[in-house]
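Good morning, and thank you for coming. Please look at the sequence and the structure as I put them on the screen.

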Amino acid sequence: MKRTLFGIVLMGFMGAGSLMAQDRDWRNDRDLRHDYADRRADDRDMNRDRTRIAQDRRELREELREGDRAGAARERAELRNEYRDLNRDKVDSRRDTRDIRHDRRWDWR
């Protein structure tokens, strides 16, 4: 008898928890503003990366003109890192754009 009563009470608590999880106003949980802010920050970061890439390319040309192979290798390594960072930012920006489209499609705006 105790076991049956305990099982019924336990099922009641589990059901109440799921009811509270479903009883939520999803329209108040919009994250469009944060997605737009993330995308703007990614755009600013990509612009900074492009500026650094242009500077590293100028430095690489200068190193090659001077014949400094070690300096050119360092500049190439920096360029690889900058391109990698730029590609990561592009992926992140695309993800934010996709999330914005998803939020709009489900009328969260």
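Let me begin with a question: is His102 buried, partly exposed or exposed? His102 is partly exposed, because its relative accessible area is 36%; buried means under 20%, exposed over 50%, and partly exposed lies in between, with a 1.4 Å probe and protein chains only. His102 belongs to helix 3. From His102 to Leu32 the C-alpha distance is 9.9 Å, although 70 residues separate the two in sequence.

A word on the basis of these values. This is a predicted model, in which local features need pLDDT of at least 70 and side-chain atom pairs count only at pLDDT 80 or more, while totals for chains, interfaces and linings use all residues. Residues are numbered from 1 along each chain as its sequence is written, and side-chain values use heavy atoms, with hydrogens and water left out.

The chain as a whole holds three helices and zero strands; helices (H or I, at least four residues) and strands (E, at least two) are DSSP runs, numbered from the N terminus. Of the 109 residues in the chain, 20% are buried.

The predictor's confidence in each residue, pLDDT, runs from 0 to 100. Its mean over the chain is 82, and 80% of the residues reach 70 or more. Helix 2 has the highest confidence, at a mean of 91, and helix 1 the lowest, at 72. Where pLDDT is low, the predicted coordinates should not be read in detail.

The largest nonpolar core has six residues: Met46, Ile53, Leu60, Ala72, Leu79 and Leu86. Helix 2 (32-66) and helix 3 (69-105) each contribute at least two residues to this core. Such a core is a set of buried Ala, Val, Leu, Ile, Met, Phe, Trp, Tyr and Cys residues joined through side-chain atoms within 4.5 Å. Beyond its neighbours within four places in sequence, Leu60 is in contact (heavy atoms within 4.5 Å) with Ala72, Glu75, Arg76 and Leu79.

Finally, the surface. Phe6, in helix 1 (residues 2-22), is exposed, because its relative accessible area is 58%. Together with Leu10, Met11 and Met14, Phe6 makes a nonpolar surface patch of about 460 Å². For such a patch, residues need over 30% relative accessible area and no salt bridge, and nonpolar side chains (Val, Leu, Ile, Met, Phe, Trp, Tyr) are joined within 5 Å, like charges within 9 Å. A salt bridge is a side-chain nitrogen of Lys or Arg within 4 Å of a carboxyl oxygen of Asp or Glu. Accessible areas come from the Shrake-Rupley method with a 1.4 Å probe, and for residues only the protein chains shown count as cover.
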